[in-house]
Amino acid sequence: MDNKKIGLVIKAAGSLYTVRDKASGEAYECRIRGKLRLNDVRTTNPLAVGDVVHYEAGAAPVITELLPRRNYIIRRAANLSKEAHIVAANVDQAFLVVTVDFPPTNLEFIDRFLASAEAYKIPVSIVINKMDLYNENGLQEVENLAKTYSAAGYQTLKTSIKVKDDINLIKSLLTNKITLFSGNSGVGKSSLINALNPQLNLRVGEISEYHNRGKHTTTFSEMLEVEKGCYVVDTPGIKGFGLVDINPNELSHYFREIFAASQGCRFNGCTHVHEPECAVRKSVKDGSISANRYTSYLKMLEVDEKYRR
Ligand SMILES: Nc1nc2c(ncn2[C@@H]2O[C@H](COP(=O)(O)OP(=O)(O)OP(=O)(O)O)[C@@H](O)[C@H]2O)c(=O)[nH]1
Ligand SMILES: [Mg+2]
Ligand SMILES: [Zn+2]
């Protein structure tokens, strides 16, 4: 009996996966049977939204095999954690939603996300949201942020869910793509997706006034069709972003502007930490590379080196 079918994981909630059949478009709630053959990374979730799988339909549908991934975003829950978590797989691009307040997004978090995406060449746009809420200081921070990441080679957007033009701009960037929305809890991922298509009616949560943080309103990952051919993946907010599988010798390759500048370093294999005639440090000194980005690079070298597999 061969009822082996191919499907796309469109929702991942605990051990239950919703799989959309490639041929019929019908959705099935599946569990995983036995041990899937996976790549050797130890993960808390064997499958993620965006995965393409073999599954067997029937009274109790089961996923039997994971097909090779084109890419994925993977992180460690915390730096000390041994287990990794796959945020999404097989995406065309990622929108990292950030806010300078309500809640503030940490810069190192942004740089960790970018480095991880860079390792699989997943294009990331930085979406600075809640533009309607910022005072003068906030707006100054937004400018600094936009300048830093534009200079590093990333598309940077400033948005508010209340501004129609902003939503239309985002929509125009989604055409015929699968776009991952990621970021801290409360930055407005689900709100932005609702603004793109109000019929989706995703749950959104308040920001805790006491902690100035989101309340982890979205609890599972889901792929949604915003318009024909435009898919987005809404995900639960994440707090930390530990790197997985990035060799310290290669870390600088995942900082676009550091990698570009490193072509001018005197030594092959320069770590840009202490070597003489380092073009990267020179660029940090003269301001053409952001000091914050360089600081993130150094922190990631020190911290992640100890815990790499
Ligand atoms: N003023 C303003 N509020 C916004 C904007 N975007 C989102 N919010 C509010 O921010 C709060 C959090 O929004 P959510 O969409 O739930 O945030 P999320 O990123 O999906 O959060 P998690 O699901 O917890 O990861 C809600 O109260 C939204 O109404 C914006 O552009 N401007
Ligand atoms: Mg949400
Ligand atoms: Zn160097």
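Four donors count as tetrahedral if all angles lie between 85 and 135 degrees. The model toured here is predicted: local features require pLDDT of at least 70 and side-chain atom pairs pLDDT 80 or more, whereas totals for chains, interfaces and linings use all residues. Residues are numbered from 1 along each chain as its sequence is written, ligands are numbered from 1 in the order in which they are written, and side-chain values use heavy atoms, without hydrogens and water.

Select the zinc ion (ligand 3). Its protein donors (N, O and S atoms within 2.8 Å of the metal, or 3.2 Å for Na, K and Ca) are Cys265 (SG), Cys270 (SG), His272 (ND1) and Cys278 (SG), at 2.1 to 2.4 Å. The angles among the 4 donor atoms run from 103 to 116 degrees, and the site is tetrahedral. For four tetrahedral donors the ideal angle is 109.5 degrees. Along the sequence, the donor residues follow the spacing C-x4-C-x1-H-x5-C.

Next, colour two of these cysteines by accessibility.

Now move to ligand 1. It is surrounded by 23 residues (a heavy atom within 4 Å), the closest being Asp132, Ser185, Lys189, Ser191 and Thr218. Display the polar contacts (pairs of N or O atoms within 3.5 Å). A side-chain N or O atom of aspartate 132 lies 2.7 Å from a nitrogen atom of the ligand. Lysine 189 places a polar side-chain atom 2.7 Å from an oxygen atom of ligand 1, and a polar backbone atom of glycine 186 is 2.9 Å from an oxygen atom of ligand 1. Of the 660 Å² that ligand 1 exposes when taken alone, the protein buries 91%.

Key:
Four donors count as tetrahedral if all angles lie between 85 and 135 degrees; four count as square planar and six as octahedral if opposite donors are over 155 degrees apart and all others between 65 and 115; anything else is irregular. A polar contact is a pair of N or O atoms within 3.5 Å; within protein, one must be able to donate a hydrogen and the other to accept it, and residues adjacent in sequence count only if both atoms are side-chain atoms. Accessible areas come from the Shrake-Rupley method with a 1.4 Å probe; for residues, only the protein chains shown count as cover.
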